[in-house]
Amino acid sequence: MTEPTIGGADHGRGAAGHTRGADRHAHGPDDHDRGGTDPARGSLDRDHHHELGPPAPPAFGSTLRRLRERRGISRERLAFGAGVSASYITRMERGDRVRPTEQVLSAVVRYLDRVATLTTDEFRHLHDLAALGQHGPPYGHATLTDAMAANLEVHLPHPAAYLDRQLNVLAANAAHLRTFPGLSEQGNFLRWILIDDLARHILVDWAHELRRAVATLRGLLAMDGGESIDDTRLLTEFGRFEPFRRIWTGEHRTLTGAPTRMRLRDAVSGAPYTLLWQILRDQTASMGPGQPVFIVGLPTASQHEDRTVGP
C-alpha cells in the first residue's frame, strides 16, 4: 500500500481507560492534544456539513480540472499545449469523456508537468483514474477464501489482515486484533479513527494517520473500479466529519506503494512501539478488481522500542 494501517478487535482496554459511551461521537478537537499544526483539526460534528452534500468520489475529470486550475492555466491553453481541442478538454473535465487515449493522456500530463512539476502521487493518481473502465470488470465484492484465512495464521506473531477497497476489515489474525482494539466494532478503519477514543490512544500521531488513511482510501477507489453507490454512501457518512471532509477536499494525496512506518501504543501498557506495514502479494487470492488487499505489520528492528505484537 500502501498506507495500510488497518486492524481488528476489541481487546485489552485496561490502562487505556477510555469510556465508550454514546457521548464519544460528539467530542471536539480539544478533547486530545494532537500537537503541532494539524490540518485535521476541527469539530467531529457529523451534522455540520449536511448542506454541502457528500464529498465526491475520485474522478478523472475533477482531478484534471484541479491540476489545471492550480497551475493557473485555461482549458484553451492546456488544449493548445497538449495538441487537442478545447472542447475535448471540457468534455474530459465534465466527465463526458472518461477514456482519454494513451497519446492524449501523455500529452496532457507532459504539459501540466512542464508548467509545474507533477508529484509522483498526482502522476499515478491521474493515470489510475484515466484507466477506469478500460481494464477488467467492475470491482464487485471482495471475497475471503479458506486459504486466505489460513494465510493470516501463518504470519503470526505479526499482525496481518485482509481489507477491501473501502478499508473495511474482512478478517484479521489475533495479533492484529490486539494491535487495534475496538476496530471490530466499527468494521472500517476510517470510521474507527474518526469516532473511537481508543484510536487517539493507540495511534501516536492521530492526525497523521488520519491523513494517511484518507490518502489510502482515495487511491484504492481510484485504482479499483471507480464510483459506486456504496462509495457514495461511505463518503456521505465520512463527509459529516469535518476533519475527513477537509482532508478529502483539500489535500488530494493518494497512497504510495512503499512500506509504511506506524508509531503505536500498546493498548494495555501504553508503551510505544513501531511497526512497518507492507502489502504482500497473496498467492492464494486473485489480484483482480475487488479482491482483498493483504497487509502485514513487521517490527522495524531499528529502535529499542520496536517489537512484534504476539503472545
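Over the ring of which residue does the charged end of Arg-218 sit? In this predicted model, the charged end of Arg-218 lies over the ring of Trp-248, 4.2 Å from the ring centre.

Let's step back to the chain as a whole. The protein chain has 311 residues, and 49% of them count as buried. Its secondary structure amounts to 13 helices and five strands. Of the contacts between residues at least 6 apart in sequence, 70% join residues at least 24 apart. The accessible surface is about 13,900 Å², with 52% of it belonging to carbon and sulfur atoms.

Now for the aromatic rings. Searching the whole structure turns up seven aromatic pairs.

| Pair | Centre to centre | Angle between planes | Arrangement |
|---|---|---|---|
| Phe-180 and Phe-189 | 6.3 Å | 80 degrees | edge-to-face |
| Phe-189 and Trp-192 | 5.6 Å | 35 degrees | tilted |

The pair of Phe-180 and Phe-189 is called edge-to-face because its planes stand at 80 degrees, where the cut-off is over 60. Phe-180 and Phe-189 are both buried, and Trp-192 is buried too.

Helix H9 covers residues 189–195, and Phe-189 and Trp-192 are three residues apart in it, so about one helical turn separates them. Together with Trp-277, the residues Phe-180, Phe-189 and Trp-192 make up one aromatic cluster.

How values were computed
Residues numbered from 1 in each chain as written. Predicted model: local features only at pLDDT ≥ 70, side-chain atom pairs only at ≥ 80, totals over all residues. Heavy atoms only, no water. Phe/Tyr/Trp six-rings, centres within 6.5 Å; stacked < 30°, edge-to-face > 60°. Buried < 20%, exposed > 50% of the residue type's maximum accessible area, 1.4 Å probe, protein only. Helix = DSSP H or I, 4+ residues; strand = E, 2+ residues; numbered from the N terminus. Lys NZ or Arg CZ within 6 Å of the ring centre and 35° of its normal. Contact = heavy atoms within 4.5 Å. Areas by Shrake-Rupley, 256 points an atom, 1.4 Å probe, with all protein chains shown as cover.
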